[in-house]
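Take a moment with the sequence and the model before reading on. The paragraphs below walk through the chain step by step.

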Amino acid sequence: MNRIVHFEIHAEDPKRAIRFYQDVFGWKLSQWGEQQYWMVMTAEKDSTEPGINGGLLIRKGTAPEEGQAVNAYVCTMQVENIDEMIAKVEAHGGKVALQKFAFPGMAWQAYYKDTEGNIFGLHQPDVNAK
């Protein structure tokens, strides 16, 4: 199979974006050499937890317009408590893109924008979701 092995976050203000992802998800970001590129570790190096790591770089153009259709892959983070995570995202400057909704019998899902206007998903498995 051809699996996704890396993601990238584009940011107008990398320092602001780094603070957002560290504060909200607890990710570790570190600059890669002298380049304007930061490695994103979503788990410890030898973690057996499912997931991928990525990078963060300076956006090469303008940020997406408000209300513009999504024109990139959207990464979704699985969380233990979606309501707590929504509160944390909003407290750190994230804005709702699509309110929390149920995948009946499977999970809760919501979509938010980070401080740079990038859309990401939150997913909480819950067989009682309705």
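This is a predicted model: local features need pLDDT of at least 70, side-chain atom pairs count only at pLDDT 80 or more; totals for chains, interfaces and linings use all residues.

Where is T62 found? T62 sits in the loop between β4 (53–58) and β5 (76–78). The relative accessibility of T62 is 75%, so T62 counts as exposed; the cut-off for that is over 50%. T62 and E12 are 50 residues apart along the chain, and their C-alpha atoms are separated by 8.1 Å.

Now step back to the whole chain. Its secondary structure comes to two helices and eight strands. Along the sequence they follow the pattern β-α-β-β-β-β-α-β-β-β. Along the principal axes, the C-alpha atoms fill a box of roughly 50 × 40 × 30 Å. Of the 130 residues, 33% are buried. The chain exposes about 8,800 Å², and carbon and sulfur atoms supply 51% of that area. Contacts also reach along the sequence. Among those between residues at least 6 apart, 51% join residues at least 24 apart.

Next comes helix α1, residues 14–25. It has twelve residues, so at 1.5 Å a residue it should span 16 Å. Its end C-alpha atoms are 16 Å apart, which agrees. Which residues of α1 are buried? They are P14, A17, I18, F20, Y21, V24 and F25. Seen down the axis of α1, these buried residues fall within an arc of 160°, so they line one face of the helix. An α-helix has 3.6 residues a turn, so residues three or four places apart point the same way. After α1 comes G26, with a positive phi near 75°.

The largest nonpolar core has 27 residues. Those with the most contacts inside it are Y21, F25, W27, L56, V89, F120 and L122. Look closely at L56. Leaving aside residues up to four places away in sequence, L56 touches I9, A11, P14, A17, I18, L29, Q36, Y37, W38 and V40.

End at another loop residue. D114 lies in the loop between β7 and β8. Is D114 buried or exposed? Its relative accessibility is 3%, so D114 counts as buried; the cut-off for that is under 20%. Beyond residues up to four places away in sequence, D114 touches I9, F20, Y21 and F120. D114 and G94 are 20 residues apart along the chain, with their C-alpha atoms separated by 4.7 Å. T62 and D114 thus make a pair to set side by side: T62 counts as exposed, whereas D114 counts as buried.

Key. Residues are numbered from 1 along each chain as its sequence is written. Side-chain values use heavy atoms; hydrogens and water are left out. Helices (H or I, at least four residues) and strands (E, at least two) are DSSP runs, numbered from the N terminus. The expected span of a helix is 1.5 Å times one less than its number of residues. Buried means under 20% relative accessible area, exposed over 50%, partly exposed in between (1.4 Å probe, protein chains only). The arc is that of the directions from the helix axis to the C-beta atoms. A nonpolar core is a set of buried Ala, Val, Leu, Ile, Met, Phe, Trp, Tyr and Cys residues joined through side-chain atoms within 4.5 Å. Contact means heavy atoms within 4.5 Å. Accessible areas come from the Shrake-Rupley method with a 1.4 Å probe; for residues, only the protein chains shown count as cover.
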